Amino acid sequence: MFSLSKMFASRFCDFSLGISLDRVLHDCLHSQLLGTGKTVNGSAIIYLAERGYWGNFPNGLYQDALAVVLRQAHVHFLNWKKQHRLVVSQPRFTPARLGRKTRMNYPVLSSKGIPSKVMTFWIANCCVEFASRQRATDLDRMVSTCLHAYASALRKMDTTGLVLTEEEAESYYQSVNLHLLSYAALHTKSRNARGRDPGRTMWYLLTKHHHYYHHAKVTRRERINPRMSQLLAAEDWVGRLGRIARATHKGNVSRRTLERYLCLVHLELNKL
């Protein structure tokens with residue numbers, strides 16, 4: 001009798017990537033800033049908007065009412081950014097950019113890598129402030145815990161060296177673990193919410209959340225700063241080449257792009 005399992009065992013048991021899987025490193029740019037960070041930032045913004053952090057939620061169609069509050073939220077973000085002297089570009093918040101046209105849509109904020117990190121620090125500050133008021137609910141405090149733990153993990157990456165101490169590695173692991181546990185609890189509460197209950201259809205779970213947990217365990221064991229393996233520099237390099245290529249003629253785009261890139265490298269080396 002034909003056995004599919006035997007076929008796969010015989011044909012794919014010797015499959016190899018050509019490198020050890022230990023050489024495959026976690027990239028916090030695509031997994032967090034452009035992955036889980038989009039869901040947590042988007043969910044937190046929508047949660048605070050519906051809870052009235054930037055003013056009472058208007059009556060009327062949900063999408064129109066949300067758009068009004070999101071405009072106020074973006075103004076608040078711009079003022080916060082100016083106050084902290086941060087230079088990042090983030091288009092204004094809209095229901096479309098957050099993927100939240102109805103209460104049945106999971107929010108995911110459209111943003112780039114560095115703006116995603118900056119917005120995490122901003123929205124975490126907003127959540128902590130909102131949860132510090134006297135009438136704060138347990139759900140408000142859980143949202144604050146989730147965002148503060150994620151922001152704390154990102155800040156540890158930026159403020160520590162290449163090799164972490166045992167205390168820094170353990171602190172990083174605890175921040176990531178607290179973030180993931182609270183995020184999973186918020187996801188469960190979101191699935192049980194009905195009607196206009198706070199937090200309905202938010203905190204979408206991704207496979208990258210599971211990867212994030214394993215990454216935190218590896219970081220605690222190996223004590224290598226995850227910042228060293230994220231692809232911010234590589235993405236910046238690809239963007240630079242793209243801008244150079246767009247300024248050349250399509251007939252000799254490859255040669256002219258390489259020539260112009262080498263000229264820029266020569267100018268940079270002369271500065272040393």
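Which helix gives the most to the lining of the largest cavity, and with how many residues?

Modeller: Helix 6 gives the most to that lining, with three residues. The model is predicted, so local features need pLDDT of at least 70 and side-chain atom pairs count only at pLDDT 80 or more, whereas totals for chains, interfaces and linings use all residues. Residues are numbered from 1 along each chain as its sequence is written, and side-chain values use heavy atoms, with hydrogens and water left out.

The structure holds one cavity of 30 Å³ or more, a cavity being a set of points, on a 1 Å grid over the protein atoms alone, where a 1.4 Å probe fits but cannot get out. The space in the largest cavity amounts to about 30 Å³, counted as what is filled by probe spheres set on the points. Its lining (residues with an atom within 4 Å of a point) consists of L139, L186, K189, S190, P198, G199 and W203. Four of these lining residues are nonpolar, two are polar and one is charged; Gly counts as polar, and Trp and Pro as nonpolar.

W203, one of the lining residues, is found in the loop between helix 6 and helix 7, helices being DSSP runs of H or I with at least four residues, numbered from the N terminus. W203 is buried, with a relative accessible area of 1%; buried means under 20%, exposed over 50% and partly exposed in between, for a 1.4 Å probe and protein chains only. The backbone of W203 has a positive phi of about 60°, although W203 is not a glycine.

The loop that holds W203 runs between helix 6 (166–192) and helix 7 (207–222), and G195 has its place there as well. In contrast to the buried W203, G195 is partly exposed, at a relative accessible area of 38%. Leaving aside neighbours within four places in sequence, G195 is in contact (heavy atoms within 4.5 Å) with R103 and R200. G195 and M104 lie 91 residues apart in sequence, yet their C-alpha atoms are 9.9 Å apart in space.

With a relative accessible area of 29%, R223 is partly exposed.

Conventions
Helix = DSSP H or I, 4+ residues; strand = E, 2+ residues; numbered from the N terminus. 1 Å grid on protein atoms, 1.4 Å probe; cavity = no way out; pocket = protein on both sides within 12 Å on 5 of 7 lines; lining within 4 Å.
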